[in-house]
Amino acid sequence: MDGTGATGDPPRIRSGALLDVGPLPGRPGIRASGEINVSTRLSWENALTELSRRHTDVSYVELSGVRFVDVAGVTALAVTAMNLPVGRVVVERPPPQLPRVLDLFWPSLHRIEVAPR
């Protein structure tokens with residue numbers, strides 16, 4: 001991949017049928033569906049890297065189609081948010097384990113706002 005989509009949007013990243021990550025229409029951010037685990041981690045981390053490159057003030061991560069995210073996947077999201085120079089990441093409709101892991105390991109991380117399912 002060359003790092004950009006044909007329209008200047010982030011590229012769609014596919015890792016078999018397990019994880020599909022692409023641009024979020026109408027807002028700055030990404031939409032993911034499938035599972036975020038050891039098999040799909042590289043695709044997830046690449047998508048978060050691209051998200052951070054395009055970040056200005058607020059980036060959205062829409063996860064209503066994600067069935068599972070492991071601790072390392074939540075860690076990648078938290079580290080991405082912590083490394084942003086300004087602003088925050090709004091995580092929309094994540095699987096239940098994501099806010100639990102954030103609360104457990106990063107209870108005072110204000111750069112991530114979780115909008116429930």
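Predicted model: local features only at pLDDT ≥ 70, side-chain atom pairs only at ≥ 80, totals over all residues.
1. **Overall make-up.** The protein has three helices and six strands. Read from the N terminus, their order is β-β-β-α-β-α-β-α-β. The protein counts 117 residues, and 45% of them are buried.

2. **Contact range.** Take the contacts in the protein with a separation of 6 or more: residues 24 or more positions apart make up 61% of them. Several of the pairs below show such links across the chain.

3. **Main core.** The largest nonpolar core holds 27 residues. Seven of its members touch the most other members: Ile30, Trp44, Val61, Leu63, Leu77, Val91 and Leu98. At least two core residues come from each of these elements: strand 2 (19–23), strand 3 (29–36), helix 1 (41–54), strand 4 (58–69), helix 2 (71–82), strand 5 (88–92) and helix 3 (97–105). Helix 2 gives the largest share, with five residues.

4. **Leu98.** This residue is among the core members that touch the most others. Beyond its neighbours within four places in sequence, leucine 98 contacts Leu63, Val69, Val74, Leu77, Val91 and Val114.

5. **Helix 3, buried side.** Which residues of helix 3 are buried? They are Gln97, Leu98, Val101 and Leu102. Viewed down the helix axis, the buried residues fall within an arc of 135°, so they line one face of helix 3. The packing partners of the buried residues of helix 3 are strand 4, helix 2, strand 5 and strand 6.

6. Arg100, Asp103 and Leu104 are exposed and sit on the face of helix 3 turned away from its buried side. Leucine 104 has a relative accessible area of 63%, so it counts as exposed. With Val71 and Phe105, Leu104 makes a nonpolar surface patch of about 320 Å².

7. **Thr80.** Threonine 80 is part of helix 2. Is threonine 80 buried or exposed? Its relative accessible area is 14%, so it is buried. Apart from residues up to four places away in sequence, threonine 80 touches Leu48 and Ser52.

8. **Asp70 and Arg41.** Aspartate 70 sits in the loop between strand 4 and helix 2. It counts as buried because its relative accessibility is 14%. Which residues does aspartate 70 contact, leaving aside its neighbours within four places in sequence? They are Ile36, Asn37, Val38 and Arg41. With arginine 41 there is a salt bridge between the side chains, at 2.4 Å from N to O. Arginine 41 lies in helix 1, so the pair ties together parts that are 29 residues apart in sequence. Both arginine 41 and aspartate 70 are buried. A further pairing in space is with glutamate 35: the C-alpha atoms are 8.5 Å apart, while the two residues are 35 residues apart in sequence.

9. **Arg27 and Glu92.** The structure holds eight salt bridges. In one of them, arginine 27 pairs with glutamate 92, and the closest N and O atoms are 2.8 Å apart. Arginine 27 is in the loop between strand 2 and strand 3, and glutamate 92 is in strand 5; the pair links distant parts of the chain, 65 residues apart. How do the two residues stand in accessibility? Arginine 27 is partly exposed, at 32% relative accessibility. Glutamate 92 is buried, at 15%.

10. **Glu113 and Arg88.** The side chains of glutamate 113 and arginine 88 form a salt bridge at 2.6 Å, N to O. Glutamate 113 belongs to strand 6 (residues 112–115) and arginine 88 to strand 5, so the pair ties together parts that are 25 residues apart in sequence. Glutamate 113 is partly exposed, at 39% relative accessibility. Arginine 88 is also partly exposed, at 30%.

11. **A salt-bridge network.** Arg31, Glu62 and Arg93 are linked through salt bridges into a network.

Conventions. Residues numbered from 1 in each chain as written. Heavy atoms only, no water. Core = buried A, V, L, I, M, F, W, Y, C linked by side-chain atoms within 4.5 Å. Buried < 20%, exposed > 50% of the residue type's maximum accessible area, 1.4 Å probe, protein only. Helix = DSSP H or I, 4+ residues; strand = E, 2+ residues; numbered from the N terminus. Contact = heavy atoms within 4.5 Å. Patch = residues over 30% accessible without salt bridge, like charges linked within 9 Å, V, L, I, M, F, W, Y side chains within 5 Å. Areas by Shrake-Rupley, 256 points an atom, 1.4 Å probe, with all protein chains shown as cover. Salt bridge = Lys/Arg side-chain N within 4 Å of Asp/Glu carboxyl O. Arc of directions from axis to C-beta.
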